[in-house]
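Visitor: Please show me this structure. I would like to ask how its descriptions are reached.

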Amino acid sequence: MSFRTTGPFHPVILDDVRGAQKMLSGVARLTPMEGSRHLSGLVGAPVHLKCENLQRTGSFKLRGAYVRISGLRPEERAAGVVAASAGNHAQGVALASSLLGVHSTVFMPKGAPLPKVAATRDYGADVRLHGHVVDETLAAAQEYAHETGAVFIHPFDHPDIIAGQGTVGLEILEQCPEVRTIVVGVGGGGLVAGIAVAVKALRPDVKLIGVQAEGAAAYPPSLAAGRPVSVESPVTMADGIKVGRPGDVPFALVEELVDDVRTVSEDALASALLLCLERAKLVVEPAGASPVAALLTDPEVFEGPVVAVLSGGNVDPLLMQRVLRHGMAAAGRYLSLRLPLPDRPGALATLLGVLSVADANVLDVGHVRTDPRLGLTEVEVELHLETKGPEHCAEVAAALREAGYHAAG
């Protein structure tokens, strides 16, 4: 089946989303919803996490991809499909195509994380590495579609894709009928647009809040201009929402149905990922953690009960390592210091004794002897410490001052 456009401002309606839900029965998982006591305490109302990071392929993208490919005519299926993606959309298209018996070709950037490339191949796609940024990969996929007749499957700018993603909204209303606010990460806008279509049709009183990374926030200027506008060279660790321009189809729906689009910093994204891992025991990628980042940044502005959609969990282990380290630093769990010591035996041992008494865990120690600022009998020591939080950082710094050390951060 293929969904029909119902008007210039309503490319997707509730019946489309309900049809997609029937189509996805037995294909997409009904992902769980978990309560968060920590976030509930911050917001002052119940906060629930919709765990699309536990969806098949690790993100919500399977929903829209399956609905879109299911709607192709027999001759289109015979020609195969092609997509461009750095990760989640690639895996969604690959699995959906395999389930429907359609050949898929997926273009991915040459620098795409190896686990995502391997997973896309394992789901049955013919993976081709091309370009170093997604725009180059996208151009290659569109050229391939033009040359071969394969159907290009856009990650967000199509009514069928939006209808499929909207099934997340139906599930939220079933699992948390008392919800007052739904918070969703936003890249091109397909997920938040689909959820908005479903939720606003059934519960117009529920607020829809989109969240973008500050360095890749195309929706605020687009909404101000009344049309999609591009952000040059978007930069963020959250590659799942690193989109330079809203899609035309989702933009019309977001403009009409979404109550607000907020932005979050990289520090907030890192802290949110760390919180999901430590408190909720959930592996979530930075884009998927963006709603949690918004709750951490301005908890008082969200009317509860709140549902935060964790849209994906496909994070490269190396990126995870860096983000967790950054998140711990942002949360005051790391302390970096530089301080001069007399260049004689036992000086470092004495310093480490002070840190031991202060219960600070030393991660790294570095020595500098050639800096012109140092005296002939001095050495500068750079320390990276693991602490228990901001208060403990202050206690460690105070202990060093009391022992006669003059540290620079």
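Visitor: Where is glutamine 91 placed?

Guide: Glutamine 91 is in helix 5, residues 88-100. Helices are DSSP runs (H or I) of at least four residues, strands are runs (E) of at least two, and both are numbered from the N terminus. This is a predicted model: local features need pLDDT of at least 70, side-chain atom pairs count only at pLDDT 80 or more, and totals for chains, interfaces and linings use all residues. Residues are numbered from 1 along each chain as its sequence is written, and side-chain values use heavy atoms, with hydrogens and water left out.

Visitor: Why is glutamine 91 called buried?

Guide: Buried means under 20% relative accessible area, exposed means over 50%, and partly exposed lies in between (1.4 Å probe, protein chains only). Glutamine 91 has 3%, so it is buried.

Visitor: Which residues does glutamine 91 touch?

Guide: Contact means heavy atoms within 4.5 Å. Leaving out residues up to four places away in sequence, glutamine 91 touches Thr57, Lys116, Ala119, Thr120, Tyr123 and Asn314.

Visitor: What makes helix 13 and helix 14 perpendicular or parallel?

Guide: Axes are lines fitted to C-alpha atoms, for helices over the stretch in contact, and angles run from 0 to 180 degrees between N-to-C directions. Under 35 degrees counts as roughly parallel, over 145 as roughly antiparallel, 65 to 115 as roughly perpendicular, and the rest as oblique. Helix 13 (residues 266-278) and helix 14 (residues 290-297) pack at about 105°, with axes 8 Å apart. The two helices are therefore roughly perpendicular.

Visitor: How many residues of that contact are nonpolar, polar or charged?

Guide: Ala, Val, Leu, Ile, Met, Phe, Trp, Tyr, Cys and Pro count as nonpolar, Asp, Glu, Lys and Arg as charged, and the others, Gly among them, as polar. The contact of helix 13 with helix 14 has 8 nonpolar, 3 polar and no charged residues.

Visitor: What order do the strands of the open sheet take?

Guide: Two strands pair if DSSP finds at least two bridges between them. The 6 strands run 1-2-10-7-8-9, with mixed pairing. Strand 1 (33-35) and strand 9 (260-264) are the edges, each pairing on one side only. Strand 7 (residues 181-185) and strand 8 (residues 207-213) are parallel and joined by 5 bridges.

Visitor: Which residues touch the most other members of the largest nonpolar core?

Guide: A nonpolar core is a set of buried Ala, Val, Leu, Ile, Met, Phe, Trp, Tyr and Cys residues joined through side-chain atoms within 4.5 Å. The largest has 57 residues, and those touching the most other members include Val81 and Val184. Helix 10 (residues 190-202) gives the most to this core, 8 residues.
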